[in-house]
Amino acid sequence: MKVDSVSGRYVHHDHIRPFLDKIKTRFKVAQAGISIQSISIDKITLGEGPVKILMWSQMHGNESTTTKAVLDLLNTFYNGSDKSDELLKRITLTILPMLNPDGAHAYTRENANKVDLNRDAQDLSQPESVVLRREFEAFAPDFCFNLHDQRTIFSAGPFPKPATLSFLSPAADPGRKVTGSRLSAMKVITCMNRELQDLIPGQVGRYDDAFNPNCVGDAFQMSGTPTILVEAGHYPEDYNREKTRMFVYKALWTALEAIAFDTYQVERESNYFDIPENKKLFFDFLIRNTQILEKKELPPYSAGILFREELNSDGIRFRPYIEKEGTLPEYYGHQTFDCINKGDLEKLRQKEEITRLFLKR
Ligand SMILES: [Zn+2]
């Protein structure tokens, strides 16, 4: 059930606080710690069941989609239904919706000390990393959900489909053995994938499982706790990620049900490995035959354009830049233009910010 007061890409602590104040009446809302710049790192606990689930979002400050999704999840529990009340008898859920509030405010991946918290799982050099580790040890969860956003560049496998959601059951050792906890995480991912295939067929990817103990997911998996990485990605024309938000919400709900009712156990490891691995094959715009746009005597070539996200007083601005040029035969565009086609050329000329990239050089 969507929380309408929180939307778009720029989501920081001031945006989520009114909602957390509202749900205080039903759920336990506490301060798990504070950030370097003294912003509260909040934690919400609900349910009274024996199965304990820990979720955290926005450890990378500019990755807000899953934060919106967990607020929607909390809102569903807050509004209540027979189904959600039944779930809360079976699980105890703790959510840290914004682990890196300083990064969220500045719209940066890193925290205020410019440290990537997802490379700090062993050093625990940052207060935010300590907060998460402390919650993990005190709560001793049966499942963890590590919630992120991914860039628009990812395709689900080598196909012309964006990875609207991607998952990983991280490795727990360099040999990437399928341990018991990894297998449980894989099975829950399989349940989410099945639900998503009905909604966004072919748009689910799987991350490669190279082991890095400095990453939080790998570190928690090493402790024997099934940990699931969720990466919210691109859906066509949804740069505010409001559609993806809904898909993440649905995936998380499916996962909670599968865990609460123990239905994930029957899933097979092979179904997890059948999910195509993420590839970096997309540009935001792919322009073919740019020599026509440039009015130059050049051999035919293509350009891949991406957006750089910049925070200004109005929010996030998407500024295009040329990422790659060449023949680029294997790449796809979320939007593709071929300058040989007069209609495409006309449309492109109306996108001044893009055509300027070619005309000014
Ligand atoms: Zn991330």
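**Fold and helix packing**

Mentor: Among contacts in the protein chain with a separation of 6 or more, 75% join residues 24 or more positions apart. Two residues are in contact if their C-beta atoms, placed from the backbone, lie within 7 Å.

Trainee: What kind of model is this?

Mentor: A predicted one: local features need pLDDT of at least 70, side-chain atom pairs count only at pLDDT 80 or more, and totals for chains, interfaces and linings use all residues. Residues are numbered from 1 along each chain as its sequence is written.

Trainee: How many helices and strands are in the protein chain?

Mentor: Twelve helices and 14 strands. These are DSSP runs, numbered from the N terminus: helices are H or I, at least four residues, and strands are E, at least two.

Trainee: And how much is buried?

Mentor: Buried residues are 44% of the 361. Buried means 20 or more other C-beta atoms within 10 Å of the residue's own, with C-beta atoms placed from the backbone.

Trainee: New topic. Where do α6 and α8 sit in the chain, and at what angle do they cross?

Mentor: Helix α6 is residues 180–199 and helix α8 is residues 242–260; their axes cross at roughly 140° and come within 9 Å. Axes are lines fitted to C-alpha atoms over the stretch in contact, and angles run from 0 to 180 degrees between N-to-C directions.

Trainee: Which residues make the contact?

Mentor: On α6 they include Val 188, Cys 191 and Leu 199; on α8, Phe 247, Ala 251 and Ile 259 are among them.

Trainee: What box do the C-alpha atoms fill?

Mentor: Roughly 70 × 45 × 40 Å, along the principal axes.

Technical notes:
Buried ≥ 20, exposed ≤ 12 C-beta atoms within 10 Å, placed from the backbone.
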